[in-house]
Amino acid sequence: MSDTVETAARTAPAAVIVGIDGPSGTGKSSTSKAVAAKLGLRYLDTGAQYRAITWWMLSNGIDVNDAAAVAEAAGKPEIVSGTDPSAPTITVDGADAAGPIRTQEVTSAVSAVSAVPEIRTRLTELQRAIAAEAPAGIVVEGRDIGTTVLPDADLKIFLTASAEARAARRSGELKGKEATDLAATQAALVKRDAADSGRKTSPLAKAGDAVEVDTTELTLDQVIECVVTLIEERRSA
Ligand SMILES: Nc1ncnc2c1ncn2[C@@H]1O[C@H](COP(=O)(O)OP(=O)(O)O)[C@@H](O)[C@H]1O
Ligand SMILES: Nc1ccn([C@@H]2O[C@H](COP(=O)(O)OP(=O)(O)O)[C@@H](O)[C@H]2O)c(=O)n1
C-alpha cells in the first residue's frame with residue numbers, strides 16, 4: 001500500500017451501519033430517512049421490499065396464503081431499491097411500485113408473504129448486498145435488521161410507541177384516502193404486529209444490544225435528534 005492510500009484509509013471515516021426496527025407507526029421510515037439525509041448516509045426501507053414482492057404475488061395470481069406457491073415464486077420478481085434518502089425508489093421488474101405497495105390489499109397480505117422463509121432468505125441477501133455497497137454507510141429500517149440482517153451493525157435502534165399513538169399517526173396519513181376509522185386502523189395494526197412477532201423465521205424482535213426508544217410522547221424531531229446523537233457517540237467512541 002502506498003503512503004497516500006494508507007493515509008486515506010486512516011483518515012476516511014469508516015462506513016456506519018445503522019439498523020432501525022420496530023412495529024408499524026413507530027416512526028421508522030420518517031426517522032431513518034431524516035437521519036440518513038442529515039448524516040450523508042444511504043437509506044433502505046426493507047418493508048417496501050416485502051410489500052413489493054407481495055404486490056408482485058397478488059398481481060400474478062399467486063395465493064398469498066399458500067406458502068408453497070409463494071416460496072416457489074420467491075425468486076421470480078426483480079426488486080430494485082433506490083437508496084437516496086431524499087428520493088427513495090422501489091421497482092418491480094422495472095415498474096415503479098411506490099404507489100401500489102401502499103394499498104390496503106398489499107398491507108393486508110404482506111405479513112403472510114413475509115413469513116415464508118424463501119422470501120426472507122432472498123430479501124435478506126439483497127439487503128446485505130445493498131448495505132455492503134453503501135460508501136459512507138446506511139440506515140436500514142425493518143423488523144429483523146438488528147437480529148438477522150445486520151447483526152454486526154454499529155448501532156441498533158428499536159422504536160416503540162403505544163398502539164393508540166401509532167393508530168392515530170396512521171389514520172392521519174390515510175385520511176381522505178382509504179380507511180379513516182381509528183379503531184379499525186388500530187385493530188389492523190395490532191393484528192399485523194402479532195403476525196410479524198409470532199412468525200417462526202426472524203420475527204419482529206428487539207436485538208439484545210439494541211437501544212429502545214419509546215416515541216409515544218416524543219415529536220419526530222426529538223426522535224431524529226436522539227438517533228443522530230447516538231450515531232455520533234458511536235462514531236467518536
Ligand atoms: N414521534 C412522532 N410523533 C408524531 N408523529 C410521528 C412521529 N414519528 C412518526 N410520525 C408520523 O407517523 C406516521 C408513521 O410514521 P412512519 O415513519 O411511517 O412509521 P413506520 O415506518 O414505523 O411505520 C407518519 O405520518 C409520520 O410522519
Ligand atoms: N425487515 C422487515 C420489514 C418488513 N417486514 C414485513 O413487511 C411488512 C410491511 O413493512 P413496513 O415497514 O412497510 O410497514 P409499516 O410499518 O410502514 O406499516 C411488515 O408488516 C412485515 O410483515 C418484514 O417482515 N421484515
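Biologist: Which elements each supply at least two residues of the shell around ligand 1?
Modeller: A friendly caution to begin: this is a predicted model, in which local features need pLDDT of at least 70, side-chain atom pairs count only at pLDDT 80 or more, and totals for chains, interfaces and linings use all residues. Residues are numbered from 1 along each chain as its sequence is written, while chains are lettered from A and ligands numbered from 1 in the order in which they are written. Helices (H or I, at least four residues) and strands (E, at least two) are DSSP runs numbered from the N terminus, and a residue is near a ligand if its C-beta atom, placed from the backbone, lies within 6 Å of it. On those terms, the elements are α2 (28–39), α8 (163–174) and α10 (220–236).

Biologist: How many polar residues does the shell around ligand 1 have?
Modeller: There are 16 residues around ligand 1, and Gly27, Lys28, Ser29, Ser30 and Arg169 come nearest. For the classes, Ala, Val, Leu, Ile, Met, Phe, Trp, Tyr, Cys and Pro count as nonpolar, Asp, Glu, Lys and Arg as charged, and the others, Gly among them, as polar. Three residues of the shell are nonpolar, three are charged, and the polar ones number ten.

Biologist: Are α2 and α10 parallel or oblique to each other?
Modeller: Axes are lines fitted to C-alpha atoms, for helices over the stretch in contact, and angles run from 0 to 180 degrees between N-to-C directions. The axes of α2 and α10 come within 9 Å and cross at roughly 50°. Under 35 degrees would be roughly parallel, over 145 roughly antiparallel, and 65 to 115 roughly perpendicular, with the rest oblique. The two helices are therefore oblique.

Biologist: Now for the other ligand: which element gives the largest share of the shell around ligand 2?
Modeller: Ligand 2 is surrounded by 15 residues, the closest being Ser24, Gly47, Tyr50, Ser114 and Gly142. Two or more residues come from each of α3 (46–59), α5 (104–114) and α9 (182–198). The largest share is five residues, and the element that gives it is α3.

Biologist: And how many charged residues are in the shell around ligand 2?
Modeller: Sorted by class, the shell around ligand 2 has three nonpolar and seven polar residues. The charged residues there number five.

Biologist: Which are the edge strands of the five-stranded sheet?
Modeller: Strands pair if DSSP finds at least two bridges between them. This sheet is open and parallel, in the order β2-β6-β1-β7-β8. Its twist averages 20° from one strand to the next. Pairing on one side only, the edge strands are β2 (42–45) and β8.

Biologist: What is the bridge partner of Leu44 in β6?
Modeller: A residue is buried if 20 or more other C-beta atoms lie within 10 Å of its own, exposed if 12 or fewer, and partly exposed in between, with C-beta atoms placed from the backbone. Both faces of β2 are covered, with Arg42 and Leu44 buried on one side and Tyr43 and Asp45 buried on the other. Four bridges join β2 in parallel to β6 (residues 137–142). Across from Leu44, the partner is Val140.

Biologist: What does Phe158 pair with in β8?
Modeller: β7 (residues 155–160) and β8 run parallel, joined by four bridges. The bridge partner of Phe158 is Glu212.

Biologist: Why is one side of β3 and of β5 left without a neighbour in the sheet?
Modeller: These strands belong to an open, antiparallel sheet of three, ordered β3-β4-β5. Four bridges join β3 (residues 79–82) to β4 (residues 89–92), and a hairpin connects the two through six residues. One side of β3 and of β5 (95–96) has no neighbour because each stands at an edge, with a single partner strand.

Biologist: Is Ser202 buried or exposed?
Modeller: Ser202 is found in the loop between α9 and β8 (211–214). Its phi is positive, about 30°, although it is not a glycine. Because Ser202 has 20 C-beta neighbours inside 10 Å, it counts as buried.

Biologist: How many other C-beta atoms lie within 10 Å of Asp93?
Modeller: Asp93 sits in the loop between β4 and β5, with a positive phi near 50° in a residue other than glycine. Asp93 is partly exposed, and the count of other C-beta atoms within 10 Å is 13.
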